[in-house]
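Visitor: I'm new to this one. Could you pick a single spot, take a close look at it with me, and then show me how it fits into the rest?

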Amino acid sequence: VLIEKLPGQSVENPSTLHCREVGKFLANMHSLPSKNLVHLENFRGAKWRESVIKKLASKCSVEEAAFLRNSHQRVSEFENSDLPKGNIHADLFHDNALFSGDRLSGVIDFYYAHSAAYIYDLAVTFADWCFVQNNGKIHQENAVSMLSAYTSERPISMLERKSWETAIELASLRFLLSRLHGKYFPRQGSLTQEKDPQVFKELLILSRESPQVFDKLFQ
């Protein structure tokens, strides 16, 4: 297979400039006409979460399994809401964005792209670019840079603002489950590097216990 190699490379420690570029890209992608887009199924949706939680019950403590089930119940209505929707990337982590200097030069890995709420896509991206692993804190400068850049290109509705904390909770749960599954049930011969689930556990706990800290990031 012959494909074009995009210029640039991913960044390990994103700056506010990188976050601004990604915020603008995401907003512009979400602003594309969605009327005639092909509907894409979400293979990491509610049914997948339920099956993974059941599978993890044999590996987790009783308390951990209950926490995951309760988190799933808390976000169960989000995907059926009337939020603005379209086709989203759903996995725009910093290793899927390429930069030439401080300028975004390409976005890759649309494997998990599906039709869903735009605010969820923003929450997924925020979770990776704006939350400090093993620290349990939001990177305020990165967060404000990304969100202000996004809203300058695509203002979000009041309904989306009200759903922001739930979107973060859902994004945290989705990737926590994915990483826990990869940790306890690794695929034989897989080339995928095992990633630490702790960062998403920390973010999920924060979104449940102190949701107000996320709303304050919008300026």
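Guide: Let's start at His94, which is buried, with a relative accessible area of 17%. Buried here means under 20% relative accessible area, exposed means over 50%, and partly exposed is what falls in between (1.4 Å probe, protein chains only). Before going on, note that this is a predicted model: local features need pLDDT of at least 70, side-chain atom pairs count only at pLDDT 80 or more, and totals for chains, interfaces and linings use all residues. Residues are numbered from 1 along each chain as its sequence is written, and side-chain values use heavy atoms, with hydrogens and water left out.

His94 sits in the loop between S1 and S2. Helices (H or I, at least four residues) and strands (E, at least two) are DSSP runs, numbered from the N terminus. Setting aside neighbours within four places in sequence, His94 is in contact (heavy atoms within 4.5 Å) with Ser10, Val11, Glu12, Pro14, Asp128 and Trp129. Arg74 is another story: 20 residues separate Arg74 from His94 in sequence, and their C-alpha atoms are 28 Å apart in space.

The loop holds another residue to look at. Ala90 lies between strand S1 (85-88) and strand S2 (97-100), and its phi is near 70°, a positive value in a residue other than glycine. Most residues other than glycine have a negative phi. Ala90 also counts as buried, at 3% relative accessibility. Now try Asp109, in the loop between strand S3 (103-107) and strand S4 (114-117). Asp109 has a positive phi too, of about 60°, although it is not a glycine; with a relative accessible area of 35%, Asp109 is partly exposed.

Now zoom out. The protein has eight helices and six strands, and along the sequence they follow the pattern α-α-α-β-β-β-β-α-β-β-α-α-α-α. The radius of gyration is 17 Å, close to the 17 Å that the globule rule gives for 219 residues, so the protein is as compact as a globular protein of that length. That radius is taken over C-alpha atoms, and the rule is 2.2 Å times the number of residues to the power 0.38. Of the 219 residues, 45% count as buried. Among contacts with a separation of 6 or more, 81% come from residues 24 or more positions apart.

In helix H2 (residues 46-56), the buried residues are Trp48, Arg49, Val52, Ile53 and Leu56. They cover an arc of only 130° around the axis (using directions from the helix axis to the C-beta atoms), which puts them on the same side of H2. The face turned away from that side carries the exposed Lys47 and Lys54. The buried residues of H2 pack against helix H3 (62-74) and helix H6 (158-184).

Leaving out neighbours within four places in sequence, Ser172 is in contact with Phe200, Leu203 and Leu204. The C-alpha atoms of Ser172 and Lys201 are separated by 7.0 Å, though the two are 29 residues apart along the chain.
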